[in-house]
Amino acid sequence: MKTDITIINPYIDGNYTVSVAKKEEADEIMSLLLDTAKWLQSKGSQQWGELLKGHDSHNTVGSIQKEEVFVCKHYNEILGVVILKRQPSTWDYQLWGSKAYVDDEAIYLHRLTISRKRANSGLGSALLNWCDSAISFRNKKVIRLDCIASNPQLFSFYESNRYQYMGQEGDFKLFEKKLLTN
């Protein structure tokens, strides 16, 4: 177990638990991500399209091994997933430029997804807010994320959850929020 993270509150709304993903959950996690990519494609979005071609730009399985993937469960069923990277990925370096560097004070959020059966239930917001208020990361003060600029509903979602718009890099909008736990 990584000693630089502490889950302060493993519960969301008393109905869900959040924990570090286990390697034996990788197939279920990837299935949930693929279902989301297929749903996005059905809506005309190419977001996460690389997953449908067998390419995972965020190396979810490797992130599970590094204890950077968190699962939200109701009983034993995984209903949500989020990747919280303690070091910027190659993708983060490209988007955040000089703000991203080894040992910076940021957590990088990727692949927040909720099972379609829990869509529009508020679970997405609850999991997003769990990331900045119920888990603590040593020497980290902000959480950063990006989203495709062509999806105004998505960046409205982040703004409604108190993420501050930090600008746009290419086709992606950048957001940041202070961690409440540090």
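Trainee: Quick one to start: is Ser 136 buried or exposed?

Mentor: Ser 136 is buried, with a relative accessible area of 16%. Buried means under 20% relative accessible area, exposed means over 50%, and partly exposed sits in between (1.4 Å probe, protein chains only). Bear in mind that this is a predicted model: local features need pLDDT of at least 70, side-chain atom pairs count only at pLDDT 80 or more, and totals for chains, interfaces and linings use all residues. Residues are numbered from 1 along each chain as its sequence is written, and side-chain values use heavy atoms, with hydrogens and water left out.

Trainee: Which strand does Ser 136 lie in?

Mentor: Strand 7. Helices (H or I, at least four residues) and strands (E, at least two) are DSSP runs, numbered from the N terminus.

Trainee: And how far is Ser 136 from Val 82 in space?

Mentor: They're 15 Å apart, C-alpha to C-alpha, and 54 residues apart in sequence.

Trainee: Okay, helix 1. How many residues does it have?

Mentor: Helix 1 has 17, running over residues 26–42. From first C-alpha to last it reaches 24 Å, close to the 24 Å expected at 1.5 Å a residue. That expected span is 1.5 Å times one less than the number of residues.

Trainee: Which residues of helix 1 are buried?

Mentor: Ala 26, Ile 29, Met 30, Leu 32, Leu 33, Thr 36, Ala 37 and Leu 40. They cover an arc of only 155° around the axis, so they sit on the same side of helix 1. The arc is taken from the directions from the helix axis to the C-beta atoms.

Trainee: What's exposed on the other side of helix 1?

Mentor: Asp 27 and Ser 42.

Trainee: And what covers the buried residues of helix 1?

Mentor: The cover includes helix 2 (49–52), helix 3 (60–65), strand 4 (69–74), strand 5 (77–85) and strand 6 (106–114). Contact here means heavy atoms within 4.5 Å. Just after helix 1, Gly 44 takes a positive phi of about 90°.

Trainee: Switching to helix 6: which of its residues are buried?

Mentor: Leu 154, Phe 155 and Tyr 158. They share the same side of helix 6, because their arc around the axis is only 90°. The face turned away from that buried side carries the exposed Gln 153 and Ser 160. Helix 5, strand 8 and strand 10 (172–178) are among what covers the buried residues.

Trainee: Which residue with a positive phi follows helix 6?

Mentor: Arg 162, with phi near 70°. Arg 162 isn't a glycine. Most residues other than glycine have a negative phi. Arg 162 sits in the loop between helix 6 and strand 9 (164–169), and at 54% relative accessibility it counts as exposed.

Trainee: What about Asn 139, what's its phi?

Mentor: Positive too, about 65°, although Asn 139 is not a glycine. Asn 139 is in the loop between strand 7 (135–137) and strand 8, and it's exposed, with a relative accessible area of 60%.

Trainee: New topic: what volume does the largest pocket have?

Mentor: About 1,100 Å³. On a 1 Å grid over the protein atoms alone, a pocket is an open set of points where a 1.4 Å probe fits, with protein on both sides within 12 Å along at least five of seven lines; lining residues have an atom within 4 Å of a point. The volume is the space filled by probe spheres set on the points, which are joined across faces, edges and corners.

Trainee: How many of the lining residues are charged?

Mentor: 6, alongside 16 nonpolar and 15 polar. Ala, Val, Leu, Ile, Met, Phe, Trp, Tyr, Cys and Pro count as nonpolar, Asp, Glu, Lys and Arg as charged, and the others, Gly among them, as polar.

Trainee: Last one: is Ile 107 buried or exposed?

Mentor: Buried, with a relative accessible area of 0%. Ile 107 is in strand 6, and, not counting residues up to four places away in sequence, it touches residues including Leu 84, Phe 137, Val 142 and Leu 179.
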